[in-house]
Amino acid sequence: MTWVDMGGGTAENVDMMSQYIDLSAFDKIYVVDICSALCEVAREKVKKRGWYNVEIVEGDACTFAPEEPATLITFSYSLTSKKNKVARSIHNVVLGSCCMYSMENFSSPATAVY
Ligand SMILES: C[S@@+](CC[C@H](N)C(=O)[O-])C[C@H]1O[C@@H](n2cnc3c(N)ncnc32)[C@H](O)[C@@H]1O
């Protein structure tokens, strides 16, 4: 399974996901973000947590496509107006899902809005 978190910033979603799912369930996780400072923070987090299957990609989500088919694509508070364009640009998606977290119930698992 491949997960792509678009506009993933500091990879905080990966950290949160690890509280609910064993990250080794994913063959590969990509965190794509255009901001180099945030990517640097994310890379430090990857090192610190020892996530062997997480790759931080600095770049535009509108042009990113993983080599392997993506199983899950998430957007949390990111690329609001470009979600459909980005999702469409990834032709090899097996199963796509766009998610946002509900801040009203932050202590429980992510609430899928889309
Ligand atoms: C509001 S932040 C959300 C960060 C993270 N997803 C979260 O939920 O905490 C939006 C993120 O989208 C990133 N972003 C904006 N446009 C982007 C683009 N075209 N490609 C990749 N990342 C982008 C920003 O750098 C920023 O990290």
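## Fold, core and ligand shell

From the N terminus on, the elements of the protein chain run β-α-β-α-β-β-α. That comes to three helices and four strands. The model is predicted. Its mean pLDDT is 82 for the protein chain, and 72% of the residues reach 70 or more. Over residues 110-114 the pLDDT is below 50, yet this stretch has twelve contacts in the model beyond near neighbours in sequence.

**Packing.** The protein chain has 114 residues, of which 27% count as buried. Among contacts in the protein chain with a separation of 6 or more, 63% join residues 24 or more positions apart.

In soluble globular proteins, nonpolar side chains tend to be buried together. Here the largest nonpolar core holds 20 residues. Val-4, Met-6, Val-14 and Val-31 touch the most other members.

| Element | Residues |
|---|---|
| helix H1 | 12-17 |
| strand S2 | 28-33 |

**Ligand shell.** Which residues are closest to the ligand? They are Gly-7, Gly-9, Cys-35, Ala-61 and Ser-76, out of 17 residues that surround the ligand. Helix H1 and strand S2 are the elements that give two or more residues to this shell. By class, the shell has eight nonpolar, six polar and three charged residues.

**Helix H2.** Gly-50 follows H2, and the phi of Gly-50 is positive, near 70 degrees.

**The loop between H1 and S2.** Ala-25 is found in this loop. Is Ala-25 buried or exposed? Ala-25 has 11 within 10 Å, so Ala-25 is exposed. Ala-25 and Met-1 are 24 residues apart along the chain. Their C-alpha atoms are separated by 7.2 Å.

How values were computed
Residues numbered from 1 in each chain as written. Predicted model: local features only at pLDDT ≥ 70, side-chain atom pairs only at ≥ 80, totals over all residues. Near = placed C-beta within 6 Å. Nonpolar A, V, L, I, M, F, W, Y, C, P; charged D, E, K, R; others polar. Core = buried A, V, L, I, M, F, W, Y, C linked by C-beta atoms within 7 Å. Buried ≥ 20, exposed ≤ 12 C-beta atoms within 10 Å, placed from the backbone. Contact = placed C-beta atoms within 7 Å. pLDDT = per-residue confidence, 0-100.
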